Structure formats: structure tokens, C-alpha cells
Amino acid sequence: MNGSESAPRTETSRSGRKRAIRLIAVQASLLSAAAHVLWAWPRLSTSGDPRPYVFILAATFTLAIAVATFRGGEYRRLYALGAGTLASFLVGFVLWHRSAPIEAFVADPYAIVGTLAEILGVLTFAALYRLAPPTRVAVERRREENKMKEKR
């Protein structure tokens with residue numbers, strides 16, 4: 001067996017690994033968005049706490065990132081946006097509960113689920129970022145694919 005015979009298998013396994021990581025990133029994003037909505041929805045009509053409204057907006061944005069990740073190509077900028085958004089949720093939680101973040105974390109099951117999903121999401125989006133080609137390469141590939149489709 002020479003090197004050219006093993007190359008397609010390596011590329012196929014790498015493609016399968018990227019697909020699996022991408023699906024995990026999408027699921028982690030959706031789980032984080034769901035945790036934010038489930039926490040915020042019953043609190044929308046209560047006192048002047050701004051968090052429910054911000055959480056609904058953030059969940060919508062996270063949903064858009066998940067859909068773009070699922071349907072889109074390999075774009076490093078998208079993966080950086082996904083990782084940054086989920087990381088900002090983690091930082092926001094710590095800053096909001098800076099006096100007692102552990103107590104707030106333990107007392108709220110949505111915080112536990114959301115935080116774990118966000119950690120997993122940051123890790124998987126970072127992995128996708130590392131595995132993806134630079135954005136200009138991905139855009140060029142997309143253009144070439146579109147040209148090939150037009151010729152058919």
C-alpha cells in the first residue's frame with residue numbers, strides 16, 4: 001500500500017471527525033440557547049431585571065449561529081463567533097454573580113446545564129476553528145463548487 005492509497009481514508013476520517021465535532025457544537029449551542037430561554041421565559045413579566053430580555057435576545061443569536069454552523073461551509077469567522085458568544089455567556093454569568101458564583105451555579109439547574117453546554121460549545125467551536133481552512137480558502141472553494149454546478 002502506498003501513500004496515495006491511504007490519503008483518501010485519512011481525508012474521509014478527518015471529514016467524519018469534523019462533521020461529528022460540528023454536530024456537537026450545534027447541539028451545545030442549541031442546549032445553551034434552550035437553557036437561557038427556559039430560565040428567562042417565566043421571568044419576562046416580572047420586575048425590572050434586564051436579564052430575561054437579554055437572555056431571549058442572546059438565545060436567538062445563538063440559534064442563528066447554530067443554524068449557520070449546521071447549514072454553512074467551513075468558515076473560521078463563524079466558528080470564532082460561536083466560541084466567543086458562548087464564552088461571553090460564561091463570563092457574563094461569573095460577572096453577574098461575582099459575589100457568590102458557586103452558590104448561584106448550584107442553586108439553579110438551568111445554570112448547570114447552560115454552563116456545561118457553553119463549555120462544551122467553546123471547546124468544539126475552537127476545535128472547528130483549528131480544523132477549518134482560512135476563510136479565504138473556504139470562500140474560494142465555494143466559488144469553484146458554484147462554477148462547477150453552473151457548467152452542468
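**Close-up 1. Arg 143 and Glu 140 in helix α6 of the predicted model.** Helix α6 covers residues 135-151 and holds both Arg 143 and Glu 140. The two residues are 3 apart, about one turn of the helix. Their side chains meet in a salt bridge, with N to O at 3.8 Å. Glu 140 has a relative accessible area of 35%, so Glu 140 is partly exposed. By the rule used here, the count of salt bridges comes to 3.

**Close-up 2. Lys 18 and its partners.** Lys 18 is placed in helix α1. A salt bridge joins Lys 18 to Glu 74, and the closest N and O atoms are 2.8 Å apart. Glu 74 belongs to the loop between α2 (51-71) and α3 (76-96) while Lys 18 is in α1, so the pair ties together parts that are 56 residues apart in sequence. The relative accessibility of Lys 18 is 17%, which counts as buried. Glu 74, at 22% relative accessibility, counts as partly exposed. The side chain of Lys 18 also reaches the backbone oxygen of Leu 131, at 3.4 Å. Not counting residues up to four places away in sequence, Lys 18 touches Glu 74, Leu 128 and Leu 131. Both Leu 128 and Leu 131 are listed among the buried residues of α5.

Close-up 3. Helix α5 consists of residues 109-131. With 1.5 Å a residue, the 23 residues of α5 should span 33 Å, and the end C-alpha atoms are 33 Å apart, which agrees. At the start of α5, a side-chain oxygen of Asp 108 reaches to within 3.2 Å of the backbone nitrogen of Tyr 110. The buried residues of the helix are Ala 111, Gly 114, Thr 115, Ala 117, Glu 118, Gly 121, Thr 124, Phe 125, Leu 128 and Leu 131.

**Close-up 4. Thr 124 within α5.** Thr 124 lies in helix α5. Its relative accessible area is 8%, so Thr 124 is buried. Apart from residues up to four places away in sequence, Thr 124 touches Ile 21, Ile 24 and Ala 25.

**Close-up 5. Trp 39 and the residues it contacts.** Trp 39 is found in helix α1. At 8% relative accessibility, Trp 39 counts as buried. Leaving aside neighbours within four places in sequence, the contacts of Trp 39 are Asp 49, Arg 51, Pro 52, Phe 55, Asp 108 and Tyr 110. Two of these contacts, Arg 51 and Asp 49, form a salt bridge with each other, and their closest N and O atoms are 2.8 Å apart. Both Arg 51 and Asp 49 are buried. Asp 108 and Tyr 110 are also the pair that meets at the start of α5, where a side-chain oxygen of Asp 108 reaches to within 3.2 Å of the backbone nitrogen of Tyr 110. The C-alpha atoms of Trp 39 and Ile 56 are separated by 9.4 Å, and these residues are 17 apart along the chain.

**Close-up 6. Val 26 in helix α1.** Val 26 has its place in helix α1. With a relative accessible area of 8%, Val 26 is buried. Val 26 touches Ala 66, Thr 69 and Phe 70, not counting residues up to four places away in sequence. Val 26 and Tyr 129 are 103 residues apart along the chain, and their C-alpha atoms are separated by 14 Å.

Close-up 7. Leu 30, Leu 63 and Val 67 make a nonpolar surface patch of about 230 Å². Leu 30 is in helix α1, which runs over residues 3-40. The relative accessibility of Leu 30 is 36%, so Leu 30 counts as partly exposed.

**Close-up 8. Arg 98 in the loop between α3 and α4.** Arg 98 sits in the loop between α3 and α4 (101-107). At 66% relative accessibility, Arg 98 counts as exposed. The side chain of Arg 98 reaches the backbone oxygen of Leu 95 at 3.1 Å.

Notes
Residues are numbered from 1 along each chain as its sequence is written. This is a predicted model: local features need pLDDT of at least 70, side-chain atom pairs count only at pLDDT 80 or more; totals for chains, interfaces and linings use all residues. Side-chain values use heavy atoms; hydrogens and water are left out. Helices (H or I, at least four residues) and strands (E, at least two) are DSSP runs, numbered from the N terminus. Buried means under 20% relative accessible area, exposed over 50%, partly exposed in between (1.4 Å probe, protein chains only). Contact means heavy atoms within 4.5 Å. The expected span of a helix is 1.5 Å times one less than its number of residues. A polar contact is a pair of N or O atoms within 3.5 Å; within protein, one must be able to donate a hydrogen and the other to accept it, and residues adjacent in sequence count only if both atoms are side-chain atoms. Patches are made of residues with over 30% relative accessible area and no salt bridge: like charges are joined within 9 Å, nonpolar side chains (Val, Leu, Ile, Met, Phe, Trp, Tyr) within 5 Å. Accessible areas come from the Shrake-Rupley method with a 1.4 Å probe; for residues, only the protein chains shown count as cover. A salt bridge is a side-chain nitrogen of Lys or Arg within 4 Å of a carboxyl oxygen of Asp or Glu.
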